[in-house]
Amino acid sequence: MNTERIPSGVPGLDELIDGGIPRGFMVAVVGEPGTGKTAMSIQFIAKGLETGDKAVYVTTEESRESILRQAERFNIGLKPYIEEGRLVVVDALMGEYGDVWSLKELDVEELVSTVIEAKKYLGPGHARLVVDSMSAFWLDKPAMARKYSYHVKRVLSKWGFTMLVTSQYAVTTQLGFGFGIEHVADGVIRLRKSVVKGFLKRFLVIEKMRLTNHDQRVFEIEVVDGVGVRVNGPVKASRWDLALPPDVVARLIESGFDRLEYEG
């Protein structure tokens, strides 16, 4: 049975996942701050709007205006789609009084109900949803990550969404607020950054994508003005691989990591 796929909007990514993200999936993009999660989220939404989808973008760590300005940096104009009634940007950071598309509290039930109201406003048909980031909802109770993620997926998947949700993890510990969401999500894309020979480098590995024969190598990515995140070529094994969480390293070894040329 063929799986319907939708383009991610990220140059070089769809080739690694059999041509695109399976329609109706929840895909988690996890990683440290500054690895490109928000840029990928904007590109995902923009590609959907370009191809006729409707879209909801929930921002928890930046204001609505900040997201719109970042999109402009990548030559993506989101304001016309808002004016046309094809895009809703839910501001969960500012929570301004009287703003119908905002969250007053970082509460999962309020998130779900607001997204449903946004979908009703947008009308029937397939829509893309970004929640950037989901980890904001369980910062003070990380043990709830899996339960909250499951609730969001179970309820909102019935409303015709393909979802991309981001999750932070701590720079100091390299441990995730995303472990719960990683179990629930249909796909997991992990982003990393490291200083290599004096330069900041960013990397991507697809840990999981159900119904997909995905590439299991580590790829270098870059954030480019006028483009956003772009996936470049695969990289050789290096010291930064050893800094990944143990479960990720185990999966890399299974995929042939131990046979790669080591580059210190």
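In which sense do strand β10 and β11 pair, and over how many bridges? Strand β10, residues 219-224, and β11 pair in the antiparallel sense over five bridges, where strands count as paired if DSSP finds at least two bridges between them. Within this pairing, I221 has V231 of β11 as its bridge partner. The model is a predicted one, in which local features need pLDDT of at least 70 and side-chain atom pairs count only at pLDDT 80 or more, while totals for chains, interfaces and linings use all residues. Residues are numbered from 1 along each chain as its sequence is written, and side-chain values use heavy atoms, with hydrogens and water left out.

The two strands belong to an open sheet of nine strands with mixed pairing, arranged in the order β5-β4-β6-β7-β3-β8-β9-β10-β11. Its edges are formed by β5 (87-91) and β11 (228-234), each of which pairs on one side only, and the twist from one strand to the next averages 20 degrees. Strands (E, at least two residues) and helices (H or I, at least four residues) are DSSP runs numbered from the N terminus.

Helix α1, residues 37-50, lies across β3 (26-31), β4 (54-59), β5, β6 (127-132), β7 (161-168), β8 (187-196) and β11, and runs at about 165 degrees to β6. Helix α4, residues 108-122, lies across β4, β5, β6 and β7, at about 155 degrees to β4. Contact here means heavy atoms within 4.5 Å; the angles, which run from 0 to 180 degrees between N-to-C directions, refer to lines fitted to C-alpha atoms, for helices over the stretch in contact.

Most residues other than glycine have a negative phi, and most peptide bonds are trans. The peptide bond from D132 to S133, however, is cis, with omega near 10 degrees, and S133 is placed in the loop between β6 and α5 (145-156). Phi is positive, near 60 degrees, at D18, which lies in the loop between β1 (5-6) and β2 (21-22) and is partly exposed with a relative accessible area of 42%. Phi is also positive at K197, near 50 degrees; K197 is located in the loop between β8 and β9 (199-209) and is exposed, its relative accessible area being 69%. Buried denotes under 20% relative accessible area, exposed over 50%, and partly exposed in between, for a 1.4 Å probe and protein chains only.

E32, in the loop between β3 and α1, counts as buried at 5% relative accessibility.
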